[in-house]
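Subject: Structure for your files

Hello,

Please find the sequence and the structure below. My notes on what was found follow directly after them.

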Amino acid sequence: MKEDALAEELRRSIGELVRAVRAVDTMPPGEAAILGFIDRGSPLTTADLARLRGVTHQSAAKTVKDLTAAGLVHSEQHPADGRKLLLYLTDAGRSRLKRERDLRARVLGAAIRETFDPEERRRLSESVALLSRLTGRLKA
């Protein structure tokens, strides 16, 4: 089926694009992912982060411990369950995440400018809207 072949090509291409852009990251991918999840969904627990990342609780806890030691994340007792900690970005964590995201955007933006002519950039812009709709459908 044509759609299945397109889906596989799209999956592969987007995966390669994401890996290429993340190659410029200055922090380990697990740490950047945890900071991103906390930024988008704060507050979160370590169990929430493990589920979102698809890793063990122990793996998420180690990353949270490292980020906390680096001053990028802080925790507070859960108001309804004292056994849980709610995780938040610190100002330093927010700043670090912004630098990572800005670096990725600069690298990708430069590649777009160097690779595509104005008409191709317009078509790429339209494709972003289509990909966003597709993502929404998959999340539904």
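With a relative accessibility of 69%, L138 counts as exposed (exposed is over 50% relative accessible area, buried under 20%, partly exposed in between, with a 1.4 Å probe and protein chains only).

Two remarks on the source. This is a predicted model, in which local features need pLDDT of at least 70 and side-chain atom pairs count only at pLDDT 80 or more, while totals for chains, interfaces and linings use all residues. Residues are numbered from 1 along each chain as its sequence is written, and side-chain values use heavy atoms, without hydrogens and water.

Nonpolar patch

L138 belongs to a nonpolar surface patch of about 410 Å², together with I14, V18, L131 and L134. Helix 1 (2–22) and helix 6 (118–139) are the elements that each give two or more residues to this patch, and helix 6 gives the most, with three. Patch residues have over 30% relative accessible area and no salt bridge; nonpolar side chains (Val, Leu, Ile, Met, Phe, Trp, Tyr) are joined within 5 Å, like charges within 9 Å. Areas come from the Shrake-Rupley method with a 1.4 Å probe, and for residues only the protein chains shown count as cover.

Salt bridges

The count comes to 12 salt bridges (a side-chain nitrogen of Lys or Arg within 4 Å of a carboxyl oxygen of Asp or Glu). Three of them are described here.

- E8 and R11 meet at 2.6 Å, N to O. They are three residues apart in helix 1, and therefore separated by about one helical turn. E8 is partly exposed at 40% relative accessibility, whereas R11 is exposed at 53%.
- R101 pairs with D39, with the closest N and O atoms 2.8 Å apart. This pair links distant parts of the chain, with R101 in helix 5 (residues 91–115) and D39 in helix 2, 62 residues apart. R101 is partly exposed at 33%, and D39 is partly exposed at 32%.
- D66 pairs with K62, the closest N and O atoms being 2.8 Å apart. Both lie in helix 4 (residues 57–69), four residues apart, about one turn of the helix. D66 is partly exposed at 31%, while K62 is exposed at 52%.

Regards
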